[in-house]
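Q: Could you take me on a close look at the place where the ligand sits, and then at a few backbone details elsewhere in the model? I am new to this, so please go step by step.

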Amino acid sequence: MKKIDICLSPDLIHQYDLASTVVVVIDILRASSSITTAMAHGVKAIRPVESLSECRELKLKGHIGAAERGGKKVGGFDMGNSPFSFMNPELEDTKIALTTTNGTITLKKSKGALQVIIGSFLNYSALLAYLERLPCDLLLHCAGWKGTVNLEDTLFAGAIIYGLKQMFEYNSDVPLMALNLYKIAKNDLKSAIQDSSHVARLMNLGLEKDIDFCLKFDEYKVIPVLKGNYITKMKLPDMLF
Ligand code: 3SL
């Protein structure tokens, strides 16, 4: 039987064998939600990079520069990491270089997997429909915060376990933990995460509307996929079944 596991932080990724596994990168607040939004709104490609200097260099080479640290847009770049800024029609068909506090590191650390895709509540059902049909093992890779575990990413990983309905065998206790957490929280996700550290951080920055948006189910049908250095919208030839 196919196996599923959850890596709760990119600092733990060395414990997993990625080579024969599809990895779903999860950074609900906000990188994976913003990337999904960008793909749904016609951005051609996103180049995730770890450092501000790499992002700056790519901006000089014609990319739109998107940079966030600690929830804030970094000065000198075109945009930060709000999903709403990725809805701008002027971004259609552009290439964006993106660096964020945790999400882009998580993407980088997922390289070497059979396939790296991006998940969020915004593309939940489309993602499940794809994952259900996969012939291989699955790892849900949560971005957390600076190496620590966070609530919203773990909850979303639990939502995937819930949606997959035991089609995969659990490879550790983490899927069961996340599933139980999601079952408790599922009827009111916002209340469930209201006391969490990143919600507090974003609320302090006046970003409640970003939080509300990132908790919406099924706004989009796209599945972003990392191919080489760029994230694009998944197309038929990218599908592994
Ligand atoms: O950590 C990240 O990668 C970001 O998603 C954090 S923020 O929501 O943009 O503050």
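A: Let's begin with a term: a polar contact is a pair of N or O atoms within 3.5 Å. Keep in mind, too, that this is a predicted model.

With that cut-off in hand, look at asparagine 81. Leucine 29 uses its backbone instead: a polar backbone atom of leucine 29 is 3.2 Å from an oxygen atom of the ligand. How much of the ligand's accessible area does the protein cover? On its own the ligand has 290 Å² of accessible area, and the protein covers 100% of it.

Now step back to the surroundings. The ligand sits in the largest cavity. There are 14 residues around the ligand, and those that come nearest are Arg30, Asn81, Thr100, Asn102 and Gly103.

The peptide bond that runs from leucine 29 to arginine 30 is cis, and its omega is near -5 degrees. You can find arginine 30 in the loop between β2 (21-26) and α1 (31-40).

Another backbone detail belongs to aspartate 93. Aspartate 93 is not a glycine, yet it has a positive phi of about 65 degrees. Look for aspartate 93 in the loop that lies between β5 (72-73) and β6 (95-99).

Finally, follow the strands around β10. Strand β7 (residues 115-119) and strand β10 (residues 224-227) run antiparallel and are joined by two bridges. Valine 116 stands opposite leucine 226 of β10. Strand β10 is also joined to strand β11 (residues 230-233), again in antiparallel fashion, by four bridges. Here lysine 227 has tyrosine 230 in β11 as its bridge partner. Between β10 and β11 the hairpin has two residues, and in this hairpin glycine 228 takes a positive phi near 65 degrees.

Key
Residues are numbered from 1 along each chain as its sequence is written. This is a predicted model: local features need pLDDT of at least 70, side-chain atom pairs count only at pLDDT 80 or more; totals for chains, interfaces and linings use all residues. Side-chain values use heavy atoms; hydrogens and water are left out. A residue is near a molecule or strand if one of its heavy atoms lies within 4 Å of it. A polar contact is a pair of N or O atoms within 3.5 Å; within protein, one must be able to donate a hydrogen and the other to accept it, and residues adjacent in sequence count only if both atoms are side-chain atoms. Accessible areas come from the Shrake-Rupley method with a 1.4 Å probe; for residues, only the protein chains shown count as cover. On a 1 Å grid over the protein atoms alone, a cavity is a set of points where a 1.4 Å probe fits but cannot get out, and a pocket is an open set with protein on both sides within 12 Å along at least five of seven lines; lining residues have an atom within 4 Å of a point. A molecule sits in a cavity or pocket if more than half of its atoms lie within 2 Å of its grid points. Two strands pair if DSSP finds at least two bridges between them.
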